[in-house]
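Please look over the sequence and the 3D structure below before reading on.

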Amino acid sequence: MASGAVLPRLLGSGVRAAPRGRAAPRGRTLGSAAAAAAPEPERDSDFSARILSEPLKHSDFFNVKELFSVRSLFNARVHLGHKAGCRHRFMEPYIFGSRLGQDIIDLEQTATHLQLALNFTAHVAYRGGIILFVSRARQFSHLIENTARSCGEYAHTRYFKGGLLTNAPLLLGPQVRLPDLIIFLHTLNNVFEPHVAVRDAAKMNIPTVGIVDTNCNPCLITYPVPGNDDSPPAVQLFCRLFQTAVTRAKEKRRQLEALYRLQGAPGPHPANPASPGVQAGLGLGVAP
Amino acid sequence: MAGSRLETVGSVFTRTRDLIRAGVLKEKPLWFDIYNAFPPLRDPVFRRPRLRYGKAKSPTQDIFYREDQIRAKFYSAYGSGPKAFDLFNPNFKSTCERFVEKYIELQKLGETDEEKLFVEAGKALLAEGVILRRLEKARTQQEGSQVSRKSEPMGVESQTALEENPPLKEVPQPQDLEAPGEESKGLSPP
């Protein structure tokens, strides 16, 4: 079955990415990068610390603000919520009002929340974190799987087996690296109950980003984004935004590492034309 | 690896921070520094959803505009306009929308009488080539409840009182003035 095949194959690759002092490079590019990047201890740790700490000093290092606007959210129908009877009590602060019984989500708040969420996603991707896209809406499962594949991350849009996160060593094999961020395109499952992964991610101390509609519970989600999760234009917009954020962050990381390689090492590893070239080539190949 | 699975106790961040401080969790997780630098607007702490009891109502407001009164009169007089709604076009203007624009223009010019404004706006649209056909029986919410009332056996009087109250509350002010008039018109014929 798809879920059984996808997870061990992809999460299993985390085993090869041996965590060093800093987050390991992506599983896919591991072949060349690991071979080329044999660390020179002091300079390496100094530069790696700089690479990791520098982005945190800027409020919007990856410039995610320019990816969307309130107008573009409106055009994608992100502001449309469910009927007033379906409203969840904890979504009330995010609702602008109710027009003839249909809840309208406050897009100003959505914009701020979305900016925080995209920024967090980008930083996690920058540090080589594993991102898992989760959704149980069958209408969008193909779109979400393609989104995940195109940005080199993972998706789980099938039946979520109990214990997948909480009992991972048993179900997925020993020494599996769990996701560092879980993105929910739909927080509810097919019977309109909160997806099990929301609670399980909180249990396993994994931060979550989630699109919460007016009938969802935003409490346990670390970075909720109030918005419509039922209209195709809205879900397509969100997929595009997350994909762009992740791709940008990874590209930035490749650039900074290449820069360091060109600047840094005159000694045993002269600016090796092969590795930055290979990395740049891979970057150009993977980036949309 | 150590961890705390108490999702109802604090947020993911507070639990991890305390585990690190206690020395139980040796390695800082990847997301820790990022969360520290860019915390969310609200701490993701678990809260139990409680039901609202008695007269407590949710603070969400209804969204109504001044133009809604004009729209209500238009729809009760003419039904939905002659042109079908094209929802694919984001800049689509329905007949009702054009009527409302004309109405407001005339209102800005200084007219105050609502009946007159209504008629003038209708004439202005006619001048532009839009033909509005009045409905045979002017349709209102009160009418709707009356029809259902007549079809029920006359003995059920308590239900009619209940039916009357909700439409009266929802319908905006000018409709209230029209409604008693409509009621007497409706009752007299048969």
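## Basis of the model

This is a predicted model, in which local features need pLDDT of at least 70 and side-chain atom pairs count only at pLDDT 80 or more, while totals for chains, interfaces and linings use all residues. Residues are numbered from 1 along each chain as its sequence is written, chains are lettered from A and ligands numbered from 1 in the order in which they are written, and side-chain values use heavy atoms, with hydrogens and water left out.

## Chain A

Chain A contains 10 helices and 8 strands. Both kinds of element are DSSP runs numbered from the N terminus: helices are H or I with at least four residues, strands are E with at least two. Of the 288 residues in chain A, 57% are buried, where buried means under 20% relative accessible area, exposed over 50% and partly exposed in between, with a 1.4 Å probe and protein chains only.

Among contacts in chain A with a separation of 6 or more, 69% join residues 24 or more positions apart; a contact means heavy atoms within 4.5 Å.

## Chain B

Chain B has 8 helices and 0 strands. Of its 190 residues, 30% are buried. Residues 24 or more positions apart make up 49% of the contacts in chain B with a separation of 6 or more. Chain B exposes about 13400 Å², and carbon and sulfur atoms supply 55% of that area.

## Helices α5 and α9 of chain A

In chain A, helix α5 (residues 107-126) packs against helix α9 (residues 232-264) at an angle of about 40 degrees, with the axes 8 Å apart. Axes are lines fitted to C-alpha atoms, for helices over the stretch in contact, and angles run from 0 to 180 degrees between N-to-C directions. α5(A) and α9(A) are therefore oblique to each other; angles under 35 degrees count as roughly parallel, over 145 as roughly antiparallel, 65 to 115 as roughly perpendicular and the rest as oblique.

Residues of the contact include Leu114(A) and Tyr126(A) on α5(A), and Phe238(A) and Lys250(A) on α9(A). Lys250(A) is buried, with a relative accessible area of 11%. Lys250(A) and Tyr126(A) lie 124 residues apart in sequence but 5.2 Å apart in space, C-alpha to C-alpha.

Conventions:
Areas by Shrake-Rupley, 256 points an atom, 1.4 Å probe, with all protein chains shown as cover.
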